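The following briefing concerns a predicted model. It is arranged by topic for use alongside the sequence and coordinates.

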Protein chains: 2
Amino acid sequence: MTASRPAAQASPADRHRRPRGSVRDGLVAAGLELARAGGPDAVVLREATRMVGVVPNAAYRHFAGRDELLAAVCAAAMGELADRMAAGVARVPGPRGDPQAAPLRLRAIGAAYLEFAREEPGLFVTAYALPEQHAYTAAGPERGPDRSPLGQLRTALDELVEAGVLGRQHRDGIEYPVWSAVHGMAVLAGQGPLRDAPEDVRRHLEDRTLAFIGASLA
Amino acid sequence: MTASRPAAQASPADRHRRPRGSVRDGLVAAGLELARAGGPDAVVLREATRMVGVVPNAAYRHFAGRDELLAAVCAAAMGELADRMAAGVARVPGPRGDPQAAPLRLRAIGAAYLEFAREEPGLFVTAYALPEQHAYTAAGPERGPDRSPLGQLRTALDELVEAGVLGRQHRDGIEYPVWSAVHGMAVLAGQGPLRDAPEDVRRHLEDRTLAFIGASLA
DNA sequence: GGAGGCTAGTGGACAGCGTCCACTTTTTGT
DNA sequence: ACAAAAAGTGGACGCTGTCCACTAGCCTCC
């Protein structure tokens, strides 16, 4: 009975011979795929351990419970959102502070946010589904600038002031209404009452929302 | 053994002697209380039946399953939101189409929406937690005007045009960006990253958001 | 270089949940 | 008045998150 086992996921002989941190990372990756397909409720601990090829209780060596695993998955999802936004704004040419480029960069941020919510609805809702009392300290030791959605939005608004497009007296705190408008459209069209709207209608609503923001900032 | 039973919830003798529709209404009411305290995830079928004093399976005589019960609870929560908004706008005096009153009524609608989200976070998120493939036909035979949040918002915006405050060429489709801004602030400050902000900060953010909307409409 | 402790995995169990099936009791329609 | 339909009961199943006791491999320290 040496080669009779199917060894579905991992060879039984390697049970205790995994690379260090492999199980933890695997659980988060598995949870991320579950979240991508079905949102935060779909990230179920036992299913994630099954994907990694480990017994359910093994997860408890790496997370205090399901909520802590979900928190890690949420952080990963938020990271994907931040990456998409950064990529979107990087595609806009022109030097920082340029009066032409600055409004385009703000719009690109909003467009990337809405595009992510449209293309990855499960991950988008998961990014904001952080369980209570689990604020992620995952940010780490402040490496580089603030890559969070809010941080990137602030950078774009600061550039708008720098470029002279937005009056400095209107800058303070304006990120929250702007964020709200984009976020609200994302959730209304994603999981809210507008979720059944066809794609072209949805894109039009997104454009209207971005234009609405532009109108208030002008 | 006639009077020895404690008869905790309902007398055992009355097991099958309930008023017609009482169990169904009771289940929705119980679910609404669960949702008020803990959001949509807290509306668990067995607990609702326990509150009504009935065995879990009895719920299946009135709902196809947990999701259908949740859908009914969502509709009830949405009804409470609509009631609050209607009450808020009714407090603003002045005739319809009055250039003074119209903007105040729009603001009252937004303020009531945000106030409901702040005071009843569980019900607010539940109102928008309608399970997929369970669009509520609960609206019934169109009694009276559209009392839904979107319907009330449209009424207010129409009045704004009537009053000459909002240009007619800007009216079409403007309800969605406005709704988005208010809804976004509600969820960001309710369950989102801003949920730990103190009450006064939160109120300030809400005011900023309503002002932002006014700026874009002017 | 061997003993002991630490880490990470296993195995088995429990309660709670949604849901299904078979059965009984009450209400209703003719 | 009697049969049919509606409403509630009882018991079961599989799935979930979580706890406890146990063990296999690694690392260190004398």
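**Fold of chain A**

Of the contacts in chain A between residues at least 6 apart in sequence, 68% join residues at least 24 apart.

- Chain A contains 8 helices and 0 strands.
- Along the sequence, the pattern of chain A reads α-α-α-α-α-α-α-α.
- Chain A has 218 residues, of which 36% are buried.

**Surface near DNA strand D**

- DNA strand D is surrounded by 20 residues. The closest are Val44(A), Arg46(A), Gly65(A), Arg66(A) and Val55(B).
- By residue class, the surface near DNA strand D comprises 8 charged, 7 nonpolar and 5 polar residues.

**Contacts between chains A and B**

- On the chain B side, 20 residues are in contact with 20 residues of chain A.
- Helix H7 (175-190) and helix H8 (199-217) of chain B are the elements that give two or more residues to the side of chain B touching chain A.
- H7(B) provides the largest share of that side, with 11 residues.
- The residues on the side of chain B that touches chain A divide into 12 nonpolar, 7 polar and 1 charged.

How values were computed. Residues numbered from 1 in each chain as written. Chains lettered and ligands numbered in written order. Predicted model: local features only at pLDDT ≥ 70, side-chain atom pairs only at ≥ 80, totals over all residues. Near = placed C-beta within 6 Å. Nonpolar A, V, L, I, M, F, W, Y, C, P; charged D, E, K, R; others polar. Contact = placed C-beta atoms within 7 Å. Helix = DSSP H or I, 4+ residues; strand = E, 2+ residues; numbered from the N terminus. Buried ≥ 20, exposed ≤ 12 C-beta atoms within 10 Å, placed from the backbone.
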